[in-house]
Every structure is written in structure tokens, then in C-alpha cells.
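This report describes a single protein model through its strands, helices and selected residues. Please consult the sequence and structure below alongside the text.

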Amino acid sequence: MVGEQSEMSELPIVRTVAALRTQVAAWRRNGESVALVPTMGYLHEGHLELARRAGQERRRVVASVFVNPTQFAPTEDLQTYPRDEVGDHAKLRSVGCHLMYAPTVAEMYPNGFATRIGVGGEAEGLCGAFRPQMFGGVAVVVTKLLLQVMPDVAFFGEKDYQQLLVIRRFVRDLDIPVAIEGVPVVREADGLAMSSRNSYLTPEERRRAPTLNRALVKAAQRFGQGACQSKDAVDAVLDQARQEILAAGFSKIDYVDLRDAESLAAIDHFDGRSVDGRSARLLAAAWLGKARLIDNVSVASLRG
């Protein structure tokens with residue numbers, strides 16, 4: 001079997017592109033299809049749901065674990081981002097993953113690496129305005145992963161909704177022959193979207209954190225009632241959501257906004273079902289202690 005293997009496990013770990021391609025090529029010779037689940041590790045149930053979905057739809061599942069430095073600004077949490085490769089390996093094994101790809105930074109970005117990918121469209125605004133380095137770094141690492149594995153399909157969570165649309169955009173624009181599938185947000189019992197960065201929360205902050213989702217759900221329900229036929233009405237609903245989030249102890253809100261679910265274009269009115277035949281999405285990012293939490297909800301799915 002290619003790669004490293006613990007005494008207790010049948011899930012191999014590979015760390016080089018060459019070893020990865022050797023294993024994938026062997027599967028391809030047997031006529032097997034391949035799915036990719038890209039992650040930055042410190043896996044939670046949301047990641048594992050991606051792997052389960054991949055396993056249901058494809059014969060072989062590759063999960064990558066790589067904290068990508070090019071999507072972090074110098075002031076962000078690259079060095080402190082939570083890591084647990086042993087735990088990640090055990091979790092991936094438990095859901096039937098077939099290969100864990102855990103490259104080093106030097107393998108992904110060898111000496112002299114100089115290529116950048118510029119992204120626009122869906123990458124503009126929202127997180128793109130507050131983390132301007134992020135989506136260019138995501139575009140580089142995801143493009144590399146897709147070309148290294150060459151899967152039939154890759155799975156991404158809808159918690160990072162803007163990221164999902166950005167990835168779909170550059171995969172389409174660059175003619176990369178991989179289907180991109182989104183998987184609904186996986187939440188804790190109290191509604192908090194699962195995230196590796198939730199580990200930054202203190203117990204008291206963790207108690208307050210679900211307010212982000214509750215405020216979005218309440219706003220989505222108001223939009224779904226069809227009472228927002230003007231920009232002023234839309235702004236009033238968004239302002240109320242922001243006030244509820246701040247009242248719960250969040251220190252700063254980057255954004256709470258209503259956007260077209262397909263293009264992320266701004267929306268200034270909503271009839272309770274769609275805008276010009278298209279659905280809408282409420283998206284938010286806010287700071288609670290050291291954690292920048294993001295969430296989103298579909299407006300159309302909550303109407304009624």
C-alpha cells in the first residue's frame with residue numbers, strides 16, 4: 001500500500017504528489033471513480049459529512065489535510081490554527097475514507113513557487129472585502145489539489161458559502177474537468193455552525209455564539225413573509241439582526257447582508273420567495289472573542 005500506515009489502521013497517509021498520483025492511477029486502472037474532500041484539518045462532524053457524502057456517490061474518497069498559508073494574512077491565525085493530524089486520521093478512517101493526503105508546505109509550495117490566481121466576481125465583497133488575500137490563496141490551493149488528484153467530483157461545505165461559489169466560478173472559468181458539489185451546513189444542537197475555529201471560544205462565548213444563527217433565521221423568516229418590498233425595509237431587517245448579534249456580546253460585525261444565492265449580487269428588495277425568479281441568501285461574519293464566526297441561511301427555504 002502506498003504511503004504511511006499506522007499499526008491500527010487501514011487508512012494510508014501520503015505526503016507527496018507522486019505517491020498520491022500512484023494510488024489514484026491504480027484506482028483508475030480498476031475503473032474506479034474518485035472523490036476529493038479538501039480540508040484544513042482539525043476535523044469536525046461537518047467535514048465528516050462531506051466524506052460520507054463523497055463515499056455515497058463515489059467508490060474512492062481522498063481527503064486532503066493541509067493548512068494553506070497563502071490564504072492567511074500576516075496578522076491572521078496561521079500559526080495558531082488548530083491542528084490534530086492523529087485525530088483527523090482516526091476520524092477519516094471511521095467514515096470509510098480511502099486515502100489521507102497530508103502534504104507539507106514545501107511539497108505544495110516548493111522553493112521558487114511564484115504563481116498567483118486573481119479572482120473576481122463572487123469573490124468581491126463580503127469576506128473578500130475583509131480578507132482580501134483569502135480567495136486568491138484558496139484558488140491556488142484548490143486548483144493544485146484538483147490537478148494533483150484529478151477527481152471526478154470534489155465536495156465543499158455550504159458554511160463557507162461564498163468560498164463555494166468562488167470555487168465553482170474559477171473551476172468553470174478555467175475549464176477544470178471536476179464537478180463541484182456543495183453540502184448543507186452541519187450544526188450543533190443549538191444551531192451554531194460547526195467550525196474548527198469554534199475551538200477558540202471560551203465557555204461563555206460558546207454559550208453566546210448561537211445568537212449569530214438565531215438572528216439570521218429570524219431575519220430570513222421576516223424576509224420570507226414578504227414584507228420587504230423596498231431597500232429601506234430590507235435594511236431595517238438587516239439592522240435588527242445586527243443589533244441582536246451585538247447585544248449577545250459579539251465585539252464586531254464584518255457584515256450581515258442579503259445576496260442573490262447564485263451570483264452574490266446585492267439585493268435591495270425581496271418578495272418572500274425570490275428576486276426576479278432567483279433565490280436569496282443571508283450571510284454574516286462577526287467576531288466573538290478571538291473567533292471570527294461565519295454563517296448563512298437560505299431565505300427561500302425558510303419562508304412560510
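Is serine 298 buried or exposed?

## Serine 298

Serine 298 is buried, its relative accessible area being 17%; buried denotes under 20% relative accessible area, exposed over 50%, and partly exposed the range in between, computed with a 1.4 Å probe on protein chains only. This serine has its place in strand β9. Helices (H or I, at least four residues) and strands (E, at least two) are DSSP runs, numbered from the N terminus. With neighbours within four places in sequence left aside, serine 298 is in contact (heavy atoms within 4.5 Å) with Ala280 and Arg281.

## Basis and confidence

The model is predicted: local features need pLDDT of at least 70, side-chain atom pairs count only at pLDDT 80 or more, and totals for chains, interfaces and linings use all residues. Residues are numbered from 1 along each chain as its sequence is written, and side-chain values use heavy atoms, with hydrogens and water left out.

The mean pLDDT of the protein, where pLDDT is the predictor's confidence in each residue from 0 to 100, is 92, and 92% of the residues reach 70 or more. Over residues 1-8, pLDDT stays under 50, and the model has 16 contacts beyond four places in sequence for this segment.

## The β7-β8-β9 sheet

An open sheet is formed by 3 strands in the order β7-β8-β9, with antiparallel pairing; two strands pair if DSSP finds at least two bridges between them. Strands β7 and β9 (291-298) are the edges, each pairing on one side only. From one strand to the next, the twist averages 10 degrees.

Strand β7 (residues 252-260) is joined to β8 (residues 280-288) by 8 bridges, and arginine 259 has arginine 281 as its bridge partner in β8. Another 8 bridges join β8 to β9, where aspartate 295 stands opposite alanine 284. Because 8 of the 9 residues of β7 are buried, this strand is largely enclosed by the rest of the structure.

## Helices on the sheet

Helix α9 (residues 211-224) lies across β7, β8 and β9 and runs at about 25 degrees to β9. Axes are lines fitted to C-alpha atoms, for helices over the stretch in contact, and angles run from 0 to 180 degrees between N-to-C directions. Helix α10 (residues 231-247) also packs on the sheet, where it touches β7 and β8, and its direction makes about 145 degrees with that of β7.

The end C-alpha atoms of α9 are 20 Å apart, in agreement with the 20 Å that its 14 residues should span; the expected span is 1.5 Å times one less than the number of residues. Among the buried residues of α9 are Leu212, Leu216 and Phe223, and the buried set packs against α8 (203-208), α10, β7, β8 and β9. Just after α9, glycine 226 takes a positive phi of about 80 degrees.

## Alanine 63 and the cysteines

Alanine 63 is found in strand β3 (residues 60-65) and is buried, with a relative accessible area of 1%. Beyond four places in sequence, alanine 63 touches Val37, Leu92, Cys97, Leu99, Met100 and Tyr101. Its C-alpha atom is separated by 8.1 Å from that of histidine 98, which lies 35 residues apart along the chain.

Cysteine 97 counts as buried at 8% relative accessibility, and cysteine 127 counts as buried at 7%. The structure holds 0 disulfides, a disulfide being a pair of cysteine sulfur atoms within 2.5 Å.
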